[in-house]
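Colleague: I would like to learn how to read pockets, salt bridges and surface patches in a model. Could we take them in turn?

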Amino acid sequence: FPTLPAQQLLERYIMVATYYQYDGPNWIVKNGWLSELETCNWIGLSCDHRESVNIDQINAPNNGMKSSMLTEMGLLTDLRHLNLSGNEVKGPLISEIGLLTKLTRLDLESAVMFGEIPSELGKLSNLRRLYLGYNDFIGTIPTELNQLSATLDLELLTMVNISVTGDINSIVCNATDPTQQRNAGEYSAQCLPFDDGEPPAVTCDCCSVCCNTTICCDMMGDEACYDLPDSSPGRRQ
């Protein structure tokens, strides 16, 4: 494809590499992939033609993808939505994620990911929706995520059923009254005391839903509790 601009040629290479890295032949849906069509027309990919013809969305939930995340994804600098939820990514969240500064939605829920949450996530100042729940993340919530509080646009954050500790009040709660949300949104975390009486793993005084390892409770409504939903890959629709 010698006539393609450099960025489009690079994106095409990354998508071909993604296909082979993530076991593309066995995907549930793969229409258009590896064809001569523009990458914007490969199923699950889209471009915002108002600004460029570069990829701005990867939307591939529950598609049978299996492998670790490609570091080259950090070169998709026009990306606004990335949804790999319900797949078996089976690896850490790459630090190169911090290069995707246009991201408004990052959905990696129930994607069999592990390791620590990278501090570079705090560079995503345009983020509005962040789904990290139902993975094997460990360690402490990076203090760099406090940078997300610089914007009032973060309307959804889910960190349910992950083994991290820390305080997210400064990210989602009002600075003068932490029982109130900075932005009327939907925030959930492991902020419920454990069944044995141990304090919660995460401090969040304004979360709408708090969970521990077995149950979740609605903190903004009638505080009704329910069993923690299934966390297996492909659970989300």
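Colleague: What volume does the second largest pocket have?

Modeller: Rolling a probe the size of a water molecule over the atoms shows where empty space is left. On a 1 Å grid over the protein atoms alone, a pocket is an open set of points where a 1.4 Å probe fits, with protein on both sides within 12 Å along at least five of seven lines. Grid points are joined across faces, edges and corners, and a volume is the space filled by probe spheres set on the points. Here the second largest pocket has a volume of about 150 Å³. Its lining comprises 11 residues, of which Leu-4, Gln-8, Arg-12, Glu-38 and Thr-39 are the closest to the centre; a lining residue has an atom within 4 Å of a point.

Modeller: This is a predicted model, where local features need pLDDT of at least 70 and side-chain atom pairs count only at pLDDT 80 or more, while totals for chains, interfaces and linings use all residues. Residues are numbered from 1 along each chain as its sequence is written, and side-chain values use heavy atoms, with hydrogens and water left out.

Colleague: How many salt bridges does the structure hold?

Modeller: A salt bridge is a side-chain nitrogen of Lys or Arg within 4 Å of a carboxyl oxygen of Asp or Glu. The structure holds 5. One of them joins Glu-155 to Arg-128 at 2.6 Å, N to O. Glu-155 lies in the loop between strand E7 (136–140) and strand E8 (156–159), and Arg-128 in the loop between strand E5 (114–116) and strand E6 (129–131), so the pair ties together parts that are 27 residues apart in sequence. Strands are DSSP runs of E with at least two residues, numbered from the N terminus. Arg-128 and Glu-155 also belong to a salt-bridge network with Arg-129.

Colleague: Is Asp-107 buried or exposed?

Modeller: Buried means under 20% relative accessible area, exposed over 50%, and partly exposed in between (1.4 Å probe, protein chains only). Asp-107 is buried because its relative accessible area is 0%. Its salt-bridge partner is Arg-105, at 3.4 Å, N to O. Arg-105 has 24%, so Arg-105 is partly exposed.

Colleague: Which residues make the nonpolar surface patch of about 250 Å²?

Modeller: A nonpolar patch joins side chains of Val, Leu, Ile, Met, Phe, Trp or Tyr within 5 Å, from residues with over 30% relative accessible area and no salt bridge. Areas come from the Shrake-Rupley method with a 1.4 Å probe. In this model the patch is formed by Ile-28, Val-29 and Ile-43. Val-29 counts as partly exposed because its relative accessibility is 32%.

How values were computed:
Patch = residues over 30% accessible without salt bridge, like charges linked within 9 Å, V, L, I, M, F, W, Y side chains within 5 Å. Helix = DSSP H or I, 4+ residues; strand = E, 2+ residues; numbered from the N terminus.
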